Every structure is written in structure tokens, then in C-alpha cells.
Amino acid sequence: MNQPVKITNHLPTAELQALDAAHHMHPFTDNSALAKKGARIMKSAKGVWLTDTEGHKIIDGMAGLWCVNIGYGRKELADAASSQMLELAYYNTFFQTSHIPAIALAAKIAEVAPEGMNHIFFAGSGSEANDTNIRMVRRYWDIKGQPEKRVIIARKNGYHGSTMGGGSLGGMSGIHAHGGKIAGITHIGEPNWWEQGGDMTPEDFGLMRAQELEKAILEIGVENVAAFIGEPIQGAGGVIVPPSTYWPEIQRIVDKYGILLIADEVITGFGRTGNWFGSTTFGIKPHIMTIAKGLSSGYQPIGGSIVCDEVAEVMGSSGDFNHGYTYSGHPVAAAVALENIRIMQDEGIIDHVRNVAHPYLMQKWQGLTEHPMVGEARLVGLMGSIALTPDKASRAKFAAETGTVGYKCRERCFANDLIMRHVGDRMIISPPLVITPEEIDILIERAWKSIDECYTAVKAEGLW
Ligand code: PMP
């Protein structure tokens with residue numbers, strides 16, 4: 001037995017770090033390396049600003065994990081949680097039962113969703129929702145008398161979560177290597193022109209990558225294919241904005257072969273791209289959209305699948321769907337999500353993204369390409385990336401292993417009280433949607449400084 005531990009808000013950082021290292025297994029982390037270094041411990045937050053236990057005021061360029069869309073510290077959401085906990089802290093939505101927050105949230109999501117997408121199946125997270133999607137599209141085809149249609153086509157370097165289903169849909173070999181991958185999922189190439197486009201124009205490359213879907217359908221046989229899944233913009237893969245030709249060609253192919261289209265909107269949903277959904281931004285017409293993160297601005301864990309009328313009708317035509325979670329439509333999470341959407345609507349947060357924050361950040365973000373180490377800068381809504389490179393013209397990689405320079409840059413960002421993430425040698429941002437022009441100035445100033453310090457180190461270490 002360990003000694004009883006009393007944690008207060010006033011324990012010194014080193015003690016908290018020691019307890020963290022002793023007992024807390026972090027996700028996607030080398031825990032023994034972290035134990036040596038000590039975790040950075042966040043204590044409080046307001047708006048776009050985090051404060052750690054050392055008193056640093058950090059600008060959060062990632063909105064947590066792409067989720068705190070309305071910013072931190074909104075009392076209305078705390079009040080919604082508190083009153084819902086007192087009213088009805090929990091009830092399930094199984095066994096022919098419902099409750100007011102789940103009903104109200106489902107109706108509200110249908111209001112903001114694209115036309116014809118009026119049905120919501122709730123989950124606790126994006127990963128769980130994608131597990132729902134695997135089972136739902138297969139069940140859909142069973143009911144339609146085509147039970148052999150089971151294969152789901154996804155993309156390399158896509159990310160759809162880290163449950164067995166979500167991790168298998170994702171195209172990240174590092175995830176498949178830890179625990180395997182479920183059967184019946186095939187991955188095609190990603191529309192990553194910067195790294196893989198060679199001498200092709202972005203438009204030709206986008207078309208070529210989309211046509212890999214058609215090739216895969218023909219190879220597997222359309223009679224075996226249930227669905228295609230993709231993120232409108234790959235997020236965890238590095239904020240890869242597809243060439244303009246990509247999604248129209250995917251849509252053509254999906255329509256031609258009559259397979260289901262799942263848009264994973266876990267990041268791109270709820271205003272991130274300047275519309276309620278990334279599918280609207282890219283003109284995609286999905287049958288199912290995966291949602292989570294911005295649905296509650298991360299204040300409560302909640303996700304789900306927005307399902308089109310036709311799929312919902314089929315799913316409802318043949319008895320039970322043997323699937324669901326204890327926390328499907330959790331009343332407290334649903335009440336918080338509802339309040340989050342109300343704030344987004346009443347405060348015109350998506351208009352702010354479109355008319356103020358995006359145009360202002362776009363100009364500054366593009367300005368980073370004046371730095372000798374920044375090759376391209378992409379930004380859709382408030383989701384952006386820059387490519388670090390030793391040679392812009394040839395889009396070259398550094399002499400060091402991919403990710404070495406990105407990691408260094410991220411470390412400089414941390415040191416300069418800016419949270420920006422790296423994926424390989426791309427730096428990515430996804431700040432709270434409420435960020436102001438003044439805060440964007442601070443973010444950019446810290447980003448430039450960090451990139452420049454990294455550049456100096458890269459030159460000194462001969463990695464250029
Ligand atoms: N899909 C996408 C596109 C995501 O970005 C994520 C999380 N980053 C997920 C699914 C998984 O969501 P969660 O972590 O809530 O399970």
C-alpha cells in the first residue's frame with residue numbers, strides 16, 4: 001500500500017511531476033522519457049490562455065487537442081453542467097428511454113447539420129463514434145441484403161481515433177504496430193502534395209490520389225465495399241489541405257459506385273473551417289459525419305455520428321441495432337454541448353472565424369514563409385500548418401530523420417510559451433475560434449521567434 005496522498009493546488013511542481021511519473025500513464029507518450037523530464041502541468045485557463053503550475057502564461061495555439069472552440073473558462077458551460085447534474089445526473093438512452101438533454105441536443109445538431117442529415121447516434125468520443133460507423137455501415141448493407149459489402153476504404157496517414165476500430169480506420173502504421181488492426185479495412189494514398197507530389201501540379205496530384213479510390217473499389221469489387229472514410233482536412237496527419245481537385249473526384253467516385261461516404265468531422269466540425277462543417281467548406285455530401293471535440297468545446301467528453309435520412313431509415317427498418325454505450329447521449333455532456341452550440345450561434349463565432357480571425361491570421365501566417373526555413377503556409381478557417389524545409393523550391397527534407405527539426409521547433413515554442421504541435425517537420429495550429437487579432441499578433445510573434453531559434457540550432461548542428 002502506498003501512503004495516502006493529499007493533492008492540493010499548492011503542491012510544488014516537482015512533487016506533482018514525481019506523482020505523475022509514479023502513477024499516471026500518459027497517452028501517446030514515452031512514459032519513461034517523460035518521467036525523467038517531468039510533465040508540464042496545466043493549472044487553469046481563460047480564453048486562449050493557459051497557466052501552468054510555474055505561472056507561465058501560455059497561448060494555446062492548439063485549442064487543447066483541437067477542441068476548445070469557444071475558448072476556456074466559460075461560466076455558462078459550468079452552470080449548464082451543474083444544473084443538469086442536479087436535475088438528472090445520469091440516465092441512459094437504451095431500452096426505449098430518452099431524456100431532455102439528448103433530445104434537445106440531437107434536434108439542435110440536426111438544425112446546424114447539412115440538409116438531409118437529421119439523425120444523431122451519440123458516443124463518448126470521436127474514436128467511439130467511428131467504431132459506431134464501422135458497425136453501422138456494415139449493418140446498413142446487411143439490412144439491404146448485401147452482407148458481403150463490409151470493406152471500408154480509408155487513407156494512409158488519416159486519423160480516426162485509437163480504439164481498435166478507430167485505430168484500424170486510421171492509416172498510421174505506428175498505431176497498427178501496437179495491437180494490430182481489424183480486418184476489412186484498406187488504405188489508399190493521401191492527398192499530401194507537399195511531401196509526395198513530386199513534379200506534378202497539386203491539381204493533377206489531387207486527381208491521381210482520388211482516383212486511387214476507384215482503383216481500390218475495382219480491385220476489391222464494388223460488391224464487397226461498404227464505405228469510404230476521410231477527414232475533410234487531415235488533422236493529426238499534419239493539417240494536410242487537399243488540392244482543390246481531390247474531394248470533387250472522391251465524390252464522383254463514391255456516387256458512381258454507390259458506396260457510403262463518411263466524413264470524419266471530429267476536428268473540422270463546429271466552425272473550425274469557417275462553416276459548421278468541413279464538408280460544407282469542401283462541397284462534400286457525406287452519408288455520415290463523425291463528430292466530437294468542438295461539439296462541447298471539450299468541456300465534456302461527447303461524440304457521435306450524424307446520419308443522413310436514408311441511412312437512418314434503413315437502420316430503423318429491421319429491429320434492434322445491437323450497439324451503444326453507457327454514456328451515449330450522457331445528459332450532462334449533452335446539456336453542455338447544447339449550451340456550447342447556443343454560445344456559438346448567439347455570439348456569431350463562426351462569422352468571427354470567417355470575417356475576422358481567418359483573414360487576419362491568414363495574412364500573418366503567410367508572412368511566416370518569409371523565413372528561410374518555412375516552405376509553405378496553409379490555413380483553412382482556423383486550422384493551419386507550415387512546412388519546415390531546407391530548400392523551398394525542391395520541397396526538400398532535412399538531413400536529420402523526419403521529425404527531428406519539427407520536434408526542436410515545438411520545444412522552442414514551449415519555451416516561448418506558445419503551444420504549437422509538430423507532425424514530422426510540419427508545425428500545426430488550431431487555436432480557439434474566439435482568438436482576437438491582438439492575440440494572433442502574439443501567437444505569430446512567438447511562432448516566428450521559435451522558428452528562428454530552431455533555425456539557428458539546425459544550422460549550428462549541421463542538419464541543414
Ligand atoms: N477522428 C479525428 C479526425 C480526430 O482528429 C480524432 C482525435 N484527434 C478522432 C477521430 C478521435 O477522437 P477521440 O480522441 O475523441 O477519440
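Please keep in mind that the model is predicted. The protein chain contains 17 helices and 15 strands. Along its principal axes, the C-alpha trace spans about 65 × 60 × 50 Å. For 464 residues, a compact globule would have a radius of gyration near 23 Å, and the 22 Å of this protein chain agrees with that. Of these 464 residues, 48% are buried. If we take contacts between residues at least 6 apart in sequence, 72% of them join residues at least 24 apart.

Let us turn to the interior. In soluble globular proteins, nonpolar side chains tend to be buried together. Here, the largest nonpolar core has 125 residues, and Ile-152 and Ala-227 have the most contacts inside it. Which helix gives the most to this core? It is helix 14, residues 331–346, with nine residues. Domain 1 (47–70 + 348–460) and domain 2 (75–346) each supply at least three residues to the core.

What does Ile-152 touch, leaving aside its neighbours within four places in sequence? Its contacts are Ile-134, Val-137, Leu-169, Gly-184, Ile-185, Ala-226, Ala-227 and Ile-229.

Finally, I would like to consider helix 6, which covers residues 126–143. From its first C-alpha to its last, helix 6 reaches 25 Å, close to the 26 Å expected for its 18 residues at 1.5 Å a residue. Because 13 of those 18 residues are buried, helix 6 is largely enclosed by the rest of the structure. After helix 6 comes Gly-145, with a positive phi near 80 degrees.

Thank you for your attention.

Technical notes:
Residues are numbered from 1 along each chain as its sequence is written. This is a predicted model: local features need pLDDT of at least 70, side-chain atom pairs count only at pLDDT 80 or more; totals for chains, interfaces and linings use all residues. A nonpolar core is a set of buried Ala, Val, Leu, Ile, Met, Phe, Trp, Tyr and Cys residues joined through C-beta atoms within 7 Å. A residue is buried if 20 or more other C-beta atoms lie within 10 Å of its own, exposed if 12 or fewer, and partly exposed in between; C-beta atoms are placed from the backbone. Helices (H or I, at least four residues) and strands (E, at least two) are DSSP runs, numbered from the N terminus. Domain bounds come from an automatic or database domain assignment. Two residues are in contact if their C-beta atoms, placed from the backbone, lie within 7 Å. The expected span of a helix is 1.5 Å times one less than its number of residues. The radius of gyration is taken over C-alpha atoms; the globule rule is 2.2 Å times the number of residues to the power 0.38.
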